[in-house]
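This briefing is for a reader new to the structure shown below.

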Amino acid sequence: MGSTGEGGLGRRDLIKRSAALGLITTPAMGFLSACASGGEAATNGPGKAAVTKENPFGVAKGGKLDVVVFKGGFGDDYAKAWEAAFDKKWGTTSSHLGTQEIAAKLQPRFNGGNPPDVVDDAGAQAIKIDVLAKGGQLADLTPVLDAPSIDDPARKVRDLLIPGTVEQGTQGGKFVALNYVYTVFGFWYSGKLFKEKGWTEPKTWDQFLDVCTKARDAGIGGLAHQGKYPYYINVVIMDLIAKKGGLDAVKAIDNLESNAFADNPAALAAVEAVYEVVEKGLLMAGTNGLTHTESQTAWNQYKAAFIPSGSWLENEQLKQTPEDFDMKFLPVPLLPDSKLPFEAIRAGAGEPFIVPEKAANKPAGLEFLRSMLSREWSTVFAQQANSLTVLKDGVDPGVSLRPGTRSAVAAVKAAGTHTFQYLYPDWYSEMDTEIQNASNELMAKRIQPKEWIKRAQAAVDKAAKDPNAKNNRRS
Amino acid sequence: MSHVARGRGRAGFIAGFLVLPLALYLTFVIWPYIQTFGYSFTNWSGQSPTFDFVGWENYAALMEDEVFRGALWHNLLLLVFVPATTILLALFFAFMVNAGGRSGAGGVRGVRGSSFYKIVYFFPQVLSLAILAVLFGAVYRSDEGGLLNGLLIRLGLVDAGRPVEWLNDPDLVLWCLLLVVVWHGVGFYLVLFSAAMQSVPKDVYEAALLDGAGRAQTFFRVTLPLLWDSVQTSAVYLGIAAMDMFVLVSTMTSGQFGGGPDHHSEVMATVLMRNFLYFGKSGYACAMGVVMLVLTMVLSVVVLRATRRDRIEF
């Protein structure tokens, strides 16, 4: 640290190389060195071209473009196709890295002041957006929202996004992350299994328990969940809270109110409802200890009736899903006296794309994001990754969708304006982790619903002390 | 050439050899330690080069951190059990394959098929920790697809509707992990002890046998004292491994960088990584790193001191 210019860069390279050689092998400490912050790097962009309507950010032709994408459930073929298109239009030379280890690969670069131009910061090892934003590492993406859209220059990009995209990507009042993939959350089931057994889609929680009981009696599990990652069962708990308590309950949690969980009848009812599944033995055997792939595959093998997940599920399970499985989406069923209708769903944008504040070619990074919000690129994504984007009607009608995605689209249409979204996982990582731990204990029957409420409220109260809590507010 | 000049020349010659390795060592080992120490006094987020100096705040917070204290406790538990179990098993097996056979006309030898056992025992050492995690993930899988559960269910010891959730059980998870480490380590230390045993002259054993010593007596009176140096070194190595445990815990247990269920398998390294990469509290994580460093160093010194004995020449 401390040194500037060439010296800093040279040493960082040396450290990287020596790490590769295994010189730094001291346990627990070695990796810290690789992440130690470097000096200011000399980042010379290719200069800026004149700003025009076609070129709202002033991309200079013939520059470089450095793209890093998370290579997870969506693969990274779509990004390669985009980069080729971008290079063709702007004469750039783009470098591409598809990886699962976003944090490990990018942290040294953020610290060293030489981050890439565009990053798809997703996956289990993503760098938390709240942390990046706090450190002033993210470019303000508002200019992208206000730029003319590629398909219809008379309209702004902002007007073509599905509602919630901007809110979802806002940190401390600044729009910093373009969450590109439109995701809906809820339960999933096999249309084939349900038809075979003569079960109907449950609309209330009692009906849901009924189907689970029938499933158990038929020798298969009722509810499967991805036990090793309590993130998924939290989807069910939080959706039940939102539907019973309405949007106010959602906001109370995101705004870290002192009665977000405590003394909130909707929260207690939701947790008790989920606990009922556990208590009545309606969980798929062993599901509490399984990874997401293990439990999802078991579900694909008809070992459970339902599984909670987001709409990436179908693409993630492509290989494991039987041809005639007929994957179907189900909004989380209703508890009595719910404020939101059955059709209401948690829907929102995921897969955040960011442009680092210190990107060498920031104009190109912004232009890349604007291009992503064109129909052409959006269609490429839908084809390659079997998922919808945040661009309204962003897929050519000619593209045929798989059954799960089709049912998700139908659910989105049915939900209309009744969509909601939680922001606390993006805002408060520690609180999210604590609530996940509590849910894991609940599902394993080691704690009771009241204890869950207590622990969740404690996590909220702790997060309320975060200095960022002042900025992160929603209304 | 004068005596002094010759001496100086030799020193220069030696220094010439040492400059490069020393520089590398200072740059890549010592300097990061110093940097980490420095960062532990800041509120560095890990994602940006800017931070403020906060003094001892991180260390004070560390004292209050129940998760970290729990992790420390787990590390200490492992510190007792990992070296003890591994070394005892390795010694036992090494003795059996080298000197445990019935004393025949040929003098001292291992049990029948010992050369085969030696190879088999070494197998686990060849596997990387990542493979090990996958392998034992399948063993401990929490439904009937798991090796252990499948076996127990077939034997009728476990109800198929309630399989044992090995790694999701707060009382079992740490022991399950311990078993993996021991399983992995025994083979290597067996080979290490075997080599040491083979360097013990045969006539020492023969003399013991002639004096009428049984297997146990031969082991405790002859083998163990002669192997003390190797045992001591092994204890330090295994102790450091027990202080780390990062790879296994982070891949096999639930939670961000492992540690689940509900912090019951947490070790210091997993808490450190979660704070470092996920919570954006890198300065705080650096303080943990410093604590780990100090503990590991104290541990090495204590073990080496406490187990010091007179060297037996042979």
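A residue is called buried under 20% relative accessible area, exposed over 50% and partly exposed in between, with a 1.4 Å probe and protein chains only. By that rule B:Y189, at 9% relative accessibility, is buried. The model is predicted, so to speak of local features requires pLDDT of at least 70 and side-chain atom pairs count only at pLDDT 80 or more, while totals for chains, interfaces and linings use all residues. Residues are numbered from 1 along each chain as its sequence is written, chains are lettered from A and ligands numbered from 1 in the order in which they are written, and side-chain values use heavy atoms, with hydrogens and water left out.

**Aromatic rings**

- Rings of Phe, Tyr and Trp (its six-membered ring) pair if their centres lie within 6.5 Å; planes under 30 degrees apart are stacked, over 60 edge-to-face and the rest tilted.
- Over all chains there are 55 aromatic pairs.
- One of them joins B:F37 and B:F41 edge-to-face, with 5.3 Å centre to centre and 90° between the planes.
- B:F37 is partly exposed at a relative accessible area of 41%, whereas B:F41 is buried at 11%.
- The ring centres of B:Y189 and B:F193 are 6.5 Å apart with planes at 45°, so this pair is tilted.
- B:Y189 and B:F193 sit 4 residues apart in helix α7 (residues 173–198) of chain B, about one helical turn; helices are DSSP runs (H or I, at least four residues) numbered from the N terminus.
- B:F193 is buried, with 0% relative accessibility.
- An aromatic cluster in chain A includes A:F74, A:W82, A:Y180 and A:F381.
- A:R346 lies over the face of A:F185, 5.2 Å from the ring centre; for this, NZ of Lys or CZ of Arg must be within 6 Å of the ring centre and within 35 degrees of the ring normal.

**Contact between chain B and chain A**

- Contact, meaning heavy atoms within 4.5 Å, involves 48 residues from chain B and 46 residues from chain A.
- The two chains bury about 4200 Å² between them, 59% of it on carbon and sulfur atoms; buried area is the accessible area (1.4 Å probe) that two parts lose on being put together, summed over both.
- On the chain B side, B:F28, B:Q47 and B:Y278 lose the most area to chain A, together 17% of what that side buries.

**Salt bridges**

- A salt bridge is a side-chain nitrogen of Lys or Arg within 4 Å of a carboxyl oxygen of Asp or Glu.
- The structure holds 23 salt bridges over all chains, and the count between chain B and chain A is 2.
- A:E430 and B:K281 form a salt bridge at 3.1 Å, N to O.
- B:D262 and A:R455 form a salt bridge at 2.6 Å, N to O, running from the loop between α11 and α12 of chain B to helix α20 of chain A.
- B:D262 is buried at 13% relative accessibility, while A:R455 is partly exposed at 21%.
- Within helix α20 (residues 449–463) of chain A, A:K454 and A:E451 are 3 residues apart, about one turn, and their closest N and O atoms are 3.9 Å apart in a salt bridge.
- A:K454 is exposed at 58% relative accessibility, and A:E451 is partly exposed at 31%.
- A:E167, A:D254 and A:R474 are linked in a network of salt bridges.

Conventions
Helix = DSSP H or I, 4+ residues; strand = E, 2+ residues; numbered from the N terminus.
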